[in-house]
Amino acid sequence: MERRMIKVKRGMVFLAVLCIFTGFGCFAKSSPDVLAAGKKGGISYTVKKGTLTISGKGALTSKVRVADQKKIKKIIVKRGITALPVSAFESFKNVQEIEIASSVRKMGDYALPCGKRLEKVTMPGKFQYVRDKEDPDYITHSLINERWHIDTICFNSPLSLKTLSFVKSNHLIVSKKDKNYRSIGGVIYSKDGKSIVRVPAYRKSLTVVDGCEEFCTQSVEYGKMYGLVDSDSECELACHDLKKIVLPASVRRINTNKYYAVHRDYSRVNEIRVKSKQLSDRDILLLLDRFKVKKKDFLGQFEHISYQDDMYVNTREASIFSYEGEAEEFEVPAYIKAVGVKAFEWSNLKRVTIPDSVTRIGAGAFNHCEKLQEVRLPDAMTKIPDKMFQYCYSLKEITLPQHISVIGMEAFRETDVTPSILSQAEISEIQSYAFYDVGWEQFELPKTIRKVGGAAFAMGTLRRVTICGDTGGISPWAFGKEYGQKKPILIFLANIGHWQTGMEINGWSKDEIFLMWQDVAGVDGWQIQVAPDKAFHRKKTYYARKGEMKKDITKLRTRMRYARIRPWKTIDGRKQYGRWTTDCTDDY
């Protein structure tokens, strides 16, 4: 009996030990999430010689966990898998390489293996990014914890530039089948190699390949999203470690808009070496503006730019490239024939005299000269360039040359000039935002001015505008379109046939539409039409009384996508109408 009990005890001990080492039995149950091999939810998992292979059809629905996952050095997600969940492989710390088939269309936060050993990732060039629903107030916007650097990312399908907001690396290799892009030295260029598109985020220096003709600043200025869900602009600079750029002799132009992606600030590049002799002054200025280079070192590379009289001068064109003086008064030398783009920007000048020898002045010439009070302009000028005096807060009085006919976009934005400026010279056109937020309460628009752009006179202080001439070229929103802003009263001195207001749709649904418009002094009422089509074939007509500036139209049986309004006035016993609004609303 004793021997039998000893055998039973020995057997139980053996069984317990066996359970511990195998993970099976009554004393140790395996976790349903831990697989050595086999299937889970229709997806197959196999582990062989340190490689985890996942195959099947459909989406992975939970984090992947396998026995001995510390030994996994490579992961292969085969074609047929369509989605990887949040943190799919985050716990695989020792993986060196992962291959994700192009069939994967969705990937979640931290889906990639999270460890310092990961060196190479092969993945789709385009996919839908899925954020962590358990963390609704914050978006990581990353497929991997960026404490660990990936050396190389290869794309096995055509690339969407948005993808580069979710991953960072030292080398980017696009698919050979990509019709838009190619990789040269781990940097992405256009398919023909003539434009640079994206520089890997972890590069510290960049030498653009010879043959590239267009340097696109967005290639290094693109951003990577992060932060609160409610924020649309929170972004960090992807290439934050890049300090030096070398441009080859083949580069002909600089482009700041191409391949645009959201970014928060300018690049931290502080050295640019330019071998090209084909760049225009505008291109040189763009580089100077976009990057934090030392002006003396940067401009010293160009043979045609010299420093004299407190200015960098383009000796080929006798033009001011950049004013560097600290004086409050400055007289442009008589040998100067042109003032370049942003030539005096951010200077401390209070008074400037520009001689008649100057025949051309560039856009933004005095932009942000906050102390500027007086400027003498050359007689030959016919246009005030775009942004010429933008943010010159101290500018109150200025005499325009007699032949000025056009005031450019944002030319006097947020200055302190007086309305009398409109009666000077022979002004016929005022472009968008030209006098935005100058603080006028009322003014008169002369007969000579026949064209006025949107928001040209938009300002919260404006209460009354008298229009002396034809309104055919005046934007309905010339005097503002800020929601909630009190619109000025328009007074027309011409025949009612010229009278016109501006209207906006501030609310709508399938059977209701809410309209608001700008008041016009002297009208007897308003005629309103709404329609489902832009030609107003199936229109419905409504009326509003004098003094009304809004109307809520309800019980519509058809969704109305367009609206327009015109004033009317009784003259000699007959109802006469003004002009319909020109911009029928179809933006909803």
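**From the whole chain to single residues**

The protein chain exposes about 29,900 Å², and carbon and sulfur atoms supply 49% of this area. The model is a predicted one, and in it the protein chain has 4 helices and 49 strands. Of its 588 residues, 49% count as buried. Among contacts in the protein chain between residues at least 6 apart in sequence, 44% join residues that are at least 24 apart.

One of the helices, helix 3, spans residues 281-290 and is mostly covered, since 8 of its 10 residues are buried. These buried residues are Asp281, Asp283, Ile284, Leu285, Leu286, Leu287, Leu288 and Arg290. Ile284 has a relative accessibility of 0% and therefore counts as buried, the cut-off for that word being under 20% relative accessible area. Leaving aside its neighbours within four places in sequence, Ile284 is in contact with Leu279, Phe298, Leu299, Phe302, His304, Ile305 and Phe321. For Phe321, the separation from Ile284 is 37 residues in sequence, and 9.7 Å in space from C-alpha to C-alpha.

The place of Lys177 is in the loop between strand 15, residues 169-173, and strand 16, residues 181-184. Together with Arg79, Arg105 and Lys126, Lys177 forms a positive surface patch.

Technical notes. Residues numbered from 1 in each chain as written. Predicted model: local features only at pLDDT ≥ 70, side-chain atom pairs only at ≥ 80, totals over all residues. Heavy atoms only, no water. Patch = residues over 30% accessible without salt bridge, like charges linked within 9 Å, V, L, I, M, F, W, Y side chains within 5 Å. Areas by Shrake-Rupley, 256 points an atom, 1.4 Å probe, with all protein chains shown as cover. Salt bridge = Lys/Arg side-chain N within 4 Å of Asp/Glu carboxyl O. Lys, Arg positive; Asp, Glu negative; His and termini not counted. Charge placed at Lys NZ, Arg CZ, Asp CG, Glu CD. Helix = DSSP H or I, 4+ residues; strand = E, 2+ residues; numbered from the N terminus. Buried < 20%, exposed > 50% of the residue type's maximum accessible area, 1.4 Å probe, protein only. Contact = heavy atoms within 4.5 Å.
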